[in-house]
Structures are given as C-alpha cells and as structure tokens.
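Here is the note you asked for, written for reading beside the sequence and the model. The points are numbered so that each can be taken up on its own.

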Amino acid sequence: MTVTASTLLGRPLWYELMTTDMKGAESFYGAVIGWTSRAFEGTPQPYSMFDRAEGKPSAGFMTKPEEVPGPPFWSMYVGVPKLEEAAAHIKRLGGNECSPVIEVPTVGRLQMMTDPQGAAFYIYEPDTSELPPEAAPEVGEASWHELMTTDAPAAMTFYQEVFGWQPSEAMDMGEMGKYQMFNRPHGMIGGMMNKPPEMAQVPSNWQIYFLVPDINEAVERIKANGGKILNGPMEVPGGDWVLNAMDPQGAAFSLHARAR
C-alpha cells in the first residue's frame with residue numbers, strides 16, 4: 001500500500017525495547033507473546049527484531065546505551081512526512097528533542113522527542129512509501145497505546161495538533177478525571193489519563209499493549225518466566241481483558257486479549 005503524507009502522519013509504525021539483557025528479553029518475550037527473533041543488519045549497534053506468525057516483524061530490541069537514563073523501557077515510533085518539520089512543530093508546542101536525528105540506511109530517519117508533560121516517543125520518517133495497510137491488529141502486534149500523564153486534556157490537545165489524533169469516547173475515572181480515547185481514521189488506537197497519586201514519582205510515559213490470544217495463560221507465562229504482574233488482569237468496557245506487567249529486566253509492558 002502506498003501511503004500519502006496525510007495517511008502517514010500520526011500512524012504508529014514501530015515499537016522498540018531498550019533492555020539490559022538482549023538474550024534474556026528474547027527468551028522472555030518468546031515465551032510470553034510467542035515471538036521469534038532475528039538479527040537486523042545495518043545499525044550502529046547490535047539490533048534484533050521480534051517476529052510474530054509467518055515471520056512478520058512486530059518490534060525491535062537492543063541494548064540500552066549507558067548514557068540513556070532510567071530502567072529498560074518500551075517506546076513507539078510515530079510516522080511523519082517530514083522529520084524536521086515535525087520536530088520543529090513539537091518544540092513550538094512545548095515538547096523537546098531527546099536525541100539527534102538518527103539515520104538508518106534503507107529504514108529511514110528518526111528522532112526521540114518528549115511531549116510537554118515529559119512522555120517520550122519517536123518521530124519516524126520512513127525511507128519507503130510502501131507500507132502495509134492499516135488494519136485491526138493481529139496476535140503479536142501492538143493493539144493499544146496508553147499515555148499516563150500529568151495533564152491529560154493538555155496532552156490530547158498536543159497530540160491532536162502534532163499527529164492529527166482525534167478525541168473520541170471518554171470514561172469517567174473519578175478523582176483521576178477522564179480516560180480519553182483517541183482515533184485515527186481507521187479506528188480507535190489508544191487512550192490517555194492522568195496518573196494516579198501512587199504514580200506521582202513515575203515520569204509521564206506511553207504504555208504499549210500487545211495482543212495475545214488468552215490473558216490468563218499470559219499471566220502464567222509471565223510469572224513462570226521471571227516477570228511480574230503490576231495490575232490486572234481486568235476486564236474493560238466491551239469485554240476485552242488487559243494487564244500491566246514488568247519483564248525480568250525492569251521494562252514495563254502491557255497485554256490485551258479480545259473478548260471471547
């Protein structure tokens with residue numbers, strides 16, 4: 001499928017784990033999500049890909065550089081037609097750049113940014129205009145993007161301006177305010193909310209949910225392979241099930257199973 005500037009803007013295109021133990025991550029996510037892995041050539045440091053069924057890539061993983069602070073983490077790459085223009089727009093709206101522009105041959109150009117509340121993400125200008133069509137996520141793919149922040153209404157305005165994400169349904173979360181969901185043209189892709197008081201010391205962050213066939217089986221695999229359940233499993237409106245967890249190296253991630 002050939003993408004245009006309007007269909008590329010704001011489309012989440014890639015997901016990446018920065019970890020302290022590539023072999024450990026390979027083993028853990030292989031057992032929990034069912035991914036296989038393979039090396040990817042052409043990057044300055046060792047880089048590998050997580051593949052779902054039929055060898056389709058779902059995400060990448062690499063060793064976290066020493067100069068990158070904090071624990072291991074997952075991040076998302078969001079498509080933009082022109083990297084420099086997107087970076088300038090983000091900075092005008094109060095965001096910041098966290099890395100120089102990185103060029104990966106045959107892949108594209110990318111840069112890590114933060115929103116005004118401090119949540120990190122990458123902007124990504126791909127080398128090719130031929131990308132798979134947007135569709136409902138398959139098992140093993142990212143299925144939801146969730147922002148925990150200090151000011152959800154301001155964050156929604158920011159991402160609407162930068163990526164064209166449109167606010168849709170909202171759920172009342174009591175003292176924490178609303179859980180604001182947002183859409184791309186093909187459908188709903190995520191939500192955002194204010195952090196609860198117990199997360200006051202945790203920086204604003206994006207959580208990536210990956211689709212699995214069965215949430216209860218995933219719980220057992222997480223525990224059996226050295227991970228930790230942080231929250232859930234819990235049923236969400238519509239009957240789907242979700243959980244938040246931490247891998248053995250300390251990276252937070254989330255899983256999602258469709259209603260049966």
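Predicted model: local features only at pLDDT ≥ 70, side-chain atom pairs only at ≥ 80, totals over all residues.

1. Residues are numbered from 1 along each chain as its sequence is written.

2. Helix 4 covers residues 152–163, and its twelve residues, at 1.5 Å a residue, should span 16 Å, which agrees with the 16 Å that separates its end C-alpha atoms. The buried residues of helix 4 are A152, A155, M156, F158, Y159, V162 and F163. Viewed down the axis of helix 4, these buried residues fall within an arc of 165°, so they line one face of the helix.

3. At its start, a side-chain oxygen of D151 comes to within 3.2 Å of the backbone nitrogen of A154, and after the helix comes G164, which has a positive phi, near 75°.

4. Helix 3 (residues 83–92) has L83, A86, A87 and I90 buried. Down the axis of helix 3, the buried residues fall within an arc of 100°, so they too line one face of their helix. The exposed residues E85 and R92 are carried on the face turned away from that buried side, while the cover over the buried residues of helix 3 includes strand 6 (96–97), strand 8 (108–114), strand 9 and helix 4. Helix 3 is followed by G94, and the phi of G94 is positive, near 105°.

5. Which residues of the largest nonpolar core touch the most other members? They are Y29, W74, Y159 and L255, in a core that has 50 residues. Helix 4 gives the most to this core, with six residues. Y159 is in contact with D115, A119, F121, L147, G164, W165, M192 and W206, when its neighbours within four places in sequence are left aside. There is also a second, separate core of 15 residues, and L8, L13, Y47 and M49 are among its members.

6. A search of the whole structure for aromatic pairs finds 26 of them. In one of these, the rings of Y77 and Y122 have centres 4.2 Å apart and planes at 5°, so the pair is stacked. Since Y77 lies in strand 5 (residues 73–79) and Y122 in strand 9 (residues 120–126), the pair ties together parts that are 45 residues apart in sequence. Both Y77 and Y122 are buried. Elsewhere in the aromatic inventory, Y15, F28, Y29, W35, F50, F61, W74, F210 and F253 form one cluster.

7. The side chain of D51 makes a polar contact, at 2.4 Å, with the side chain of R38. Apart from neighbours within four places in sequence, the residues in contact with D51 are G34, W35, T36, R38, K56, P57 and S58.

8. A252 belongs to strand 17 (residues 252–257), and with a relative accessible area of 27% this alanine is partly exposed. The C-alpha atoms of A252 and W74 are separated by 7.1 Å, although the two residues are 178 residues apart along the chain. Not counting residues up to four places away in sequence, A252 touches W74, Q207, A245 and M246.

Definitions and conventions:
Heavy atoms only, no water. Helix = DSSP H or I, 4+ residues; strand = E, 2+ residues; numbered from the N terminus. Expected span 1.5 Å × (residues − 1). Buried < 20%, exposed > 50% of the residue type's maximum accessible area, 1.4 Å probe, protein only. Arc of directions from axis to C-beta. Polar contact = N/O pair within 3.5 Å; in protein donor to acceptor, adjacent residues only side chain to side chain. Contact = heavy atoms within 4.5 Å. Phe/Tyr/Trp six-rings, centres within 6.5 Å; stacked < 30°, edge-to-face > 60°. Core = buried A, V, L, I, M, F, W, Y, C linked by side-chain atoms within 4.5 Å.
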